[in-house]
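The sequence and the model are shown below.

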Amino acid sequence: MELETKFAAIETEAVTETGLISGYASRFNIEDQGGDIVTAGAYLKSLSVRHPLMFWSHNIDQPIGKWLKVEEDTTGLRVEGQLALSTVKGRETYDLLKMGALKGLSIGYRTLKSELQGTARLLKEVALYEISVTPLPMQEEAGIDAIKNIGELISAAKSNGDFTPLKRAVESAMRDAGFPAWLAKAQAALAPQILSDGQRDASASETARLIKDSFKL
């Protein structure tokens, strides 16, 4: 069975030491470079009967982990997964993601229902079989993001003074929540301030709460 594929570009380079990843494999109502637009609800029926697999670049002989959660939200197809770091290809994928060498996610699917809208093809129902980590992007507005555990990031920042990963995670989370880029950057910049002085002695959970409370609008 030959599948169609669709790519989603990575927005931020971030991966946990334990190999957890999360992000959008597809975003709704955005025309990709192939002229397709995925509509909300396109994946629902498929997800009710089949859980997609995780491969390296659509190669069924190279599984690299497992998708722990795949679901639609108002933005698109949200995924959370675990790379198999004990395998050669899983570890290789982790290293490439860590250095920002990989460019995105790609879904393997069959189109079940579609219609034309001008020159674009609206995908209204698809059968989703797998979601791969891949180097080639098509839908540039989606991809892997916010893959770091906030407690882990806070602990690391408090111990080594490097706030860059924490600021990236806060910015990415805010952008996923729909905040404009300028506001996400401004709020992310507050992370070092929240961790300064006495708060360096606070627990990770207490500090996480302070960071979250600092950008409630």
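## The nonpolar core

The largest nonpolar core holds 25 residues, of which Tyr43, Trp67, Leu77, Ile107 and Ile131 touch the most other members. Two or more residues come from each of strand E2 (20–27), strand E4 (53–56), strand E5 (59–72), strand E6 (76–83), helix H2 (88–98), strand E7 (104–117) and strand E8 (120–134). The largest contribution to this core is that of E8, with five residues. In general, nonpolar side chains of soluble globular proteins tend to be buried together.

Tyr43 illustrates how this core is connected to its surroundings. Beyond its neighbours within four places in sequence, Tyr43 is in contact with Ser26, Phe28, Val38, Glu72, Leu77, Ile107, Val126 and Leu128. Two of these partners, Leu77 and Ile107, are themselves listed with Tyr43 among the core residues that touch the most other members.

## Confidence in the model

The model is a predicted one. The mean pLDDT of the protein is 75, and 64% of its residues reach 70 or more. Among the elements, H1 has the highest mean pLDDT (97), whereas helix H7 (residues 204–214) has the lowest (49).

Two segments call for caution. Over residues 145–149 pLDDT stays under 50, and the model has 23 contacts beyond four places in sequence for them. Over residues 197–205 pLDDT likewise stays under 50, with 16 such contacts in the model.

## Strand pairing around E4

Strand E4 pairs with E8 in the parallel sense over four bridges, and with E5 in the antiparallel sense over three bridges. Met54 takes part on both sides: this residue stands opposite Ile131 in E8 and opposite Gly65 in E5.

E4 and E5 form a hairpin with two residues between them. Ser57, in the turn, has a positive phi of about 50°.

## Strand E6 and its partners

Is E6 largely enclosed or open? Six of its eight residues are buried, so E6 is largely enclosed by the rest of the structure. E6 runs antiparallel to E2, to which seven bridges join it; in this pairing Arg27 has Gly76 of E6 as its bridge partner.

E6 also pairs with E5 in the antiparallel sense, over seven bridges. Here the bridge partner of Glu72 is Leu77 in E6. E5 and E6 form a hairpin with three residues between them. Both Glu72 and Leu77 are also in contact with Tyr43.

Ser46 is placed in helix H1 (residues 44–49). Its relative accessibility is 5%, and because the limit for a buried residue is under 20%, Ser46 counts as buried. Apart from neighbours within four places in sequence, Ser46 is in contact with Val126, Ala127 and Leu128. Val126 and Leu128 are contacts of Tyr43 as well.

Arg91 belongs to helix H2. Arg91 is partly exposed, with a relative accessible area of 37%. Arg91 touches Ala84 and Leu85, not counting residues up to four places away in sequence. Arg91 and Gly65 are 26 residues apart in sequence, and their C-alpha atoms are 9.9 Å apart in space.

## Aromatic and charged side chains

The count of aromatic pairs comes to one.

Conventions: Residues numbered from 1 in each chain as written. Predicted model: local features only at pLDDT ≥ 70, side-chain atom pairs only at ≥ 80, totals over all residues. Heavy atoms only, no water. Phe/Tyr/Trp six-rings, centres within 6.5 Å; stacked < 30°, edge-to-face > 60°. Buried < 20%, exposed > 50% of the residue type's maximum accessible area, 1.4 Å probe, protein only. Contact = heavy atoms within 4.5 Å. pLDDT = per-residue confidence, 0-100. Core = buried A, V, L, I, M, F, W, Y, C linked by side-chain atoms within 4.5 Å. Pairing = 2+ DSSP bridges.
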